[in-house]
Each structure stands twice: as C-alpha cells, then as structure tokens.
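Q: Could you take a close look at one part for me, the salt bridges, and walk me through which side chains pair up and where they sit?

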Amino acid sequence: MLADLLQRHQPDFSPVLPVDLSAHDVARLDFTAANPLLQNADLRDTAAFEALVARLLAAQNARIGVGGYLENRVIYRRSPGLFGDPAVPARALHLGVDVWLRAGTPVLAPLAAVVHSVQDNAGFGDYGPTVILEHALEGIPFYTLYGHLSRRETNLLRPGLIIEKGQTFTEVGPAPENGDWPPHLHFQIMADLQGRVGDFPGVGLVSERDQWAAICPDPNLILQSRWLITD
C-alpha cells in the first residue's frame, strides 16, 4: 500500500515549499459548512474570496493556511460546472492539501522525479497550470500533482525532464491564471493516474471516500506538518 511505503520513507523527503509548515504562523483553514464565515460568502468573486482567506488567517495570527485532505468542502459551489451537476451528487471531497500563501513562492520536488505531464487546465475554478511528477520508491511508482501554478514557470517544463530532489521547478501562481483562485498550492499524491495526463480529479464524491483515499493517500505523509494530522 502506497501510504505504508511513504510512511517508511518520510526521512527521505525534502520540503515541497521553502516554508516551515509546522511553524506557529501557519494555521488550519476550514472550508466546510461548519465554518459560519462561509455561509454568505460570495465565493465566485475571487477578490472577496481572497479577502476571506486573509480574514481567516488574521483570526489565527497566521500568514500561511493549510488544510483540506478528505475535507467535505462548500467552496466548490463557486464553479458548479466543474464540481457539480444538478442531476448527480455534488463532488465536494477534497483529495489533496492546499497551502494558502503568496504567489511567486517556489515549489520544490520532495523526491527525485521525472516530469510526467504538464497542462494548463484553464477555466474558472480549475487547476490552471498543473504539473504531475512521477517518482519511485523501492521500485514502486507513484505521482504527485501540483495545481494553481505560475504559467510562466510551468511553461518551461516538458514531459521526461528530470527533476532533482529539492529542486525548484515552478512557482505558486497568481489569479486569474491559477484558475482564478486566491494564491495557493494544491498538492496531491496518486498511486495510479488511471490513464490521465496533465490532470487528475482533486475533488471526489463524499460517498466514495474510501476508494479515493486508497488512490490518493494523505499528502501529509510527504508534507509532514503538525497542522495536517488527519483521522
């Protein structure tokens, strides 16, 4: 099981971002229906959404926000064409971890990698520029996805490019090129890409939690932040 493999190799990973995600100025951000500040928030207005993120951080004396793995979120109502269809249950289960911090922050490879694919998933509420890296441990391949990136830096990458452990390979992107979100990095681990290239679901059905958790194990196995301990 990939989660067990990652657990064994935790000492081998480099940081994904050049910040301490266990520092006291890092806080968990709650984007579930339990957060009363989201009840009447206009999440389709990116400037208002960014102000909300700033408010959530200020309330905890923080400058960086983290969270989201297997969180049942309400924020995807901002882009129903991507995450919902009136005829089917809404996708709201977040499969990665988001780190909310300034645009232009370098993104680093946690382990030696090959660029699997690069794609600009343009469109409101989508990933924007996206990179998928392929890694291997004990001969077992797995993948990491980085979404909401800088277009300029990401456009320099090509499939097959070798990335060294700890090497900067892109940056956190600004709105609107990052899918028109407040600046943040979406980081996700996948055991199997299911034939996909340049994209992978970052949100699933809540009813399929166990299936998605098996394919996409806890990103904190690599990030190792004390603020990201999950059940």
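A: Let's start at the surface: glutamate 138 and arginine 8 are both exposed (over 50% relative accessible area; buried is under 20%, partly exposed in between, with a 1.4 Å probe and protein chains only). A quick caveat: this is a predicted model, where local features need pLDDT of at least 70, side-chain atom pairs count only at pLDDT 80 or more, and totals for chains, interfaces and linings use all residues. Residues are numbered from 1 along each chain as its sequence is written, and side-chain values use heavy atoms, leaving out hydrogens and water.

Glutamate 138 and arginine 8 form a salt bridge (a side-chain nitrogen of Lys or Arg within 4 Å of a carboxyl oxygen of Asp or Glu), with the closest N and O atoms 3.0 Å apart.

Now for arginine 73. Its side chain meets that of glutamate 71 in a salt bridge, 2.8 Å from N to O, and both residues are buried. Arginine 73 also forms a salt bridge with aspartate 98, again with the closest N and O atoms 2.8 Å apart. Because arginine 73 lies in the loop between β2 (64-67) and α3 (80-83) and aspartate 98 in strand β4 (residues 97-100), this pair ties together parts 25 residues apart in sequence. Arginine 73 has a relative accessible area of 4%, and aspartate 98 is buried too, at 2%. Shared partners join Glu71, Arg73 and Asp98 into one network. The structure holds 7 salt bridges.

Note on methods: Helix = DSSP H or I, 4+ residues; strand = E, 2+ residues; numbered from the N terminus.
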